[in-house]
Amino acid sequence: MKKTVTIKSNRDFQRLYRRGRSAAGPTLALYWQRNRKGESRVGITTGTKLGHAVVRNRVRRQIREIYRLHKDELIPGRDIVIVARVRAVSAGYRAMERDFLRLTKKLGLRKPVSSTELEAEP
């Protein structure tokens, strides 16, 4: 399994917050910008308003899993920062996944679906 490339430097996060395109939902906010690397990188932010470290780490793990499951559907070559909002704690996994998919579609980050893929779905 291929490892997810992450954004680690504060400078990269700040660049995305300032210059990136964004959209927000009840549980997540997404920022993105093109990169010149050819592969996508992801950064996850959970603020202290979410709760103690155990709570923040659980939300972070859920977001990482959502990204891992859907990264093949996303257009490569993008830097993406996912910010967990306070409602993410009580909303649960399915609500965060639904928000993630809706926001990536709204921002145009998902690959277009071909007609052969539509016919293959049951």
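1. (A salt bridge needs a side-chain nitrogen of Lys or Arg within 4 Å of a carboxyl oxygen of Asp or Glu.) The model is predicted, so local features need pLDDT of at least 70 and side-chain atom pairs pLDDT 80 or more, while totals for chains, interfaces and linings use all residues. Residues are numbered from 1 along each chain as its sequence is written, and side-chain values use heavy atoms, without hydrogens or water.

2. Where do Asp 99 and Arg 102 lie? Both sit in helix H4 (residues 93-106), three residues apart, which is about one turn of the helix. (Helices, H or I with at least four residues, and strands, E with at least two, are DSSP runs numbered from the N terminus.) Asp 99 counts as buried because its relative accessibility is 8%, whereas Arg 102, at 39%, counts as partly exposed. (Buried is under 20% relative accessible area, exposed over 50%, partly exposed in between, with a 1.4 Å probe and protein chains only.)

3. Elsewhere, salt bridges with shared partners join Asp 12, Arg 15, Arg 41 and Asp 79 into one network. In one of its links, Asp 79 bonds with Arg 15, and their closest N and O atoms are 2.8 Å apart. Asp 79 belongs to strand E4 and Arg 15 to helix H1, so this pair ties together parts that are 64 residues apart in sequence. Asp 79 and Arg 15 are both buried.

4. Asp 79 also meets Arg 41 in a salt bridge, 2.9 Å from N to O. This pair connects distant parts of the chain, with Arg 41 in strand E3 and Asp 79 in strand E4, 38 residues apart. Arg 41 is buried, as is Asp 79. How many salt bridges are there by this rule? The count is six.

5. Now look at helix H1 (residues 10-19), whose buried residues are Asp 12, Phe 13, Arg 15 and Leu 16. They lie on the same side of H1 because they cover an arc of only 160° around the axis, taken from the directions between helix axis and C-beta atoms. On the other side, Asn 10, Arg 11 and Arg 18 are exposed. The buried residues of H1 pack against strands E2 (28-34), E3 (41-46) and E4 (78-84).

6. Trp 32 lies in strand E2 and is buried, with a relative accessible area of 10%. Leaving aside residues up to four places away in sequence, Trp 32 touches several residues (heavy atoms within 4.5 Å), including Leu 16, Asp 79 and Leu 109. Trp 32 and Gly 108 are 76 residues apart in sequence, with C-alpha atoms 10 Å apart in space.

7. Two aromatic pairs turn up in the whole structure. Phe 13 and Tyr 17 make a tilted one, 6.5 Å centre to centre with 40° between the planes. (Rings of Phe, Tyr and Trp, its six-membered ring, pair if their centres lie within 6.5 Å; planes under 30 degrees apart are stacked, over 60 edge-to-face, the rest tilted.) Phe 13 is buried at 12% relative accessible area, and Tyr 17 is partly exposed at 30%. Tyr 17 and Tyr 31 are edge-to-face because their ring centres are 5.0 Å apart and their planes at 80°. Phe 13, Tyr 17 and Tyr 31 form one aromatic cluster.
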